[in-house]
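Have the sequence and structure open as you read.

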Amino acid sequence: RLEKNRLSARECRRRKREATEHMQRQINLLEGENLRLRLQLQVGEEAEVNNQEEQQKLTEVLDDLLKSGASEAEIYTKIEEYKEKFADYGRDR
């Protein structure tokens, strides 16, 4: 009976060790995924900020053209450039 108890205890410790190792591998995988997603989110936020800054600059250019009395053709050309650049299907996307 004592030998059977020892074997049972040894088996229990082995299963516990395997479960702990499995959980540690899961933790490592999830931490890696979490880091990847955080970096992806950060890159997305930075791109959005850059996009907003560029849109602001172009808006200022259009305002300057309007205030300086630029021709309708110049304004139209600038608006078309703006539309092409910031449309979802534009050349720079």
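## A positive surface patch

R6, R10, R13 and R17 form a patch of positive charge on the surface. A patch takes residues with over 30% relative accessible area and no salt bridge; like charges are joined within 9 Å, and nonpolar side chains (Val, Leu, Ile, Met, Phe, Trp, Tyr) within 5 Å. Lys and Arg count as positive, Asp and Glu as negative, while His and the chain ends are not counted. Each charge is placed at NZ of Lys, CZ of Arg, CG of Asp or CD of Glu. Accessible areas come from the Shrake-Rupley method with a 1.4 Å probe, and for residues only the protein chains shown count as cover.

R6 sits in helix 1. Its relative accessible area is 48%, so R6 is partly exposed. The classes are buried (under 20% relative accessible area), exposed (over 50%) and partly exposed in between, with a 1.4 Å probe and protein chains only.

## Basis of the model

This is a predicted model: local features need pLDDT of at least 70, side-chain atom pairs count only at pLDDT 80 or more, and totals for chains, interfaces and linings use all residues. Residues are numbered from 1 along each chain as its sequence is written, and side-chain values use heavy atoms, leaving out hydrogens and water.

## Helix 1

Helix 1 covers residues 2-67. Helices here are DSSP runs (H or I, at least four residues), as are strands (E, at least two), numbered from the N terminus. Helix 1 has 66 residues and spans 97 Å from first C-alpha to last. That is close to the 98 Å expected at 1.5 Å a residue. The expected span is 1.5 Å times one less than the number of residues in the helix.

Which residues are buried in helix 1? N51, L58, L62 and L65 are. Q42 also lies in helix 1, but Q42 is partly exposed at 41% relative accessible area. Just after helix 1, G69 adopts a positive phi of about 80°.

## Salt bridges

How many salt bridges does a search of the whole structure find? There are five. Each needs a side-chain nitrogen of Lys or Arg within 4 Å of a carboxyl oxygen of Asp or Glu.

Two of them can be followed along helix 1. R14 pairs with E11 at 2.1 Å, N to O. Both lie in helix 1, three residues apart, about one turn of the helix. R14 is partly exposed at 29% relative accessible area, and E11 is partly exposed at 30%. E33 pairs with R36 at 2.8 Å, N to O. Because E33 and R36 are three residues apart in helix 1, about one helical turn separates them. E33 is partly exposed at 35% relative accessibility, as is R36 at 43%.

In helix 2 (residues 72-86), E81 and K78 are three residues apart, about one helical turn. Their side chains meet in a salt bridge of 3.4 Å, N to O. E81 is partly exposed at 37% relative accessibility, and K78 is partly exposed at 25%. Elsewhere, salt bridges with shared partners link E11, R14, R15 and E18 into one network.
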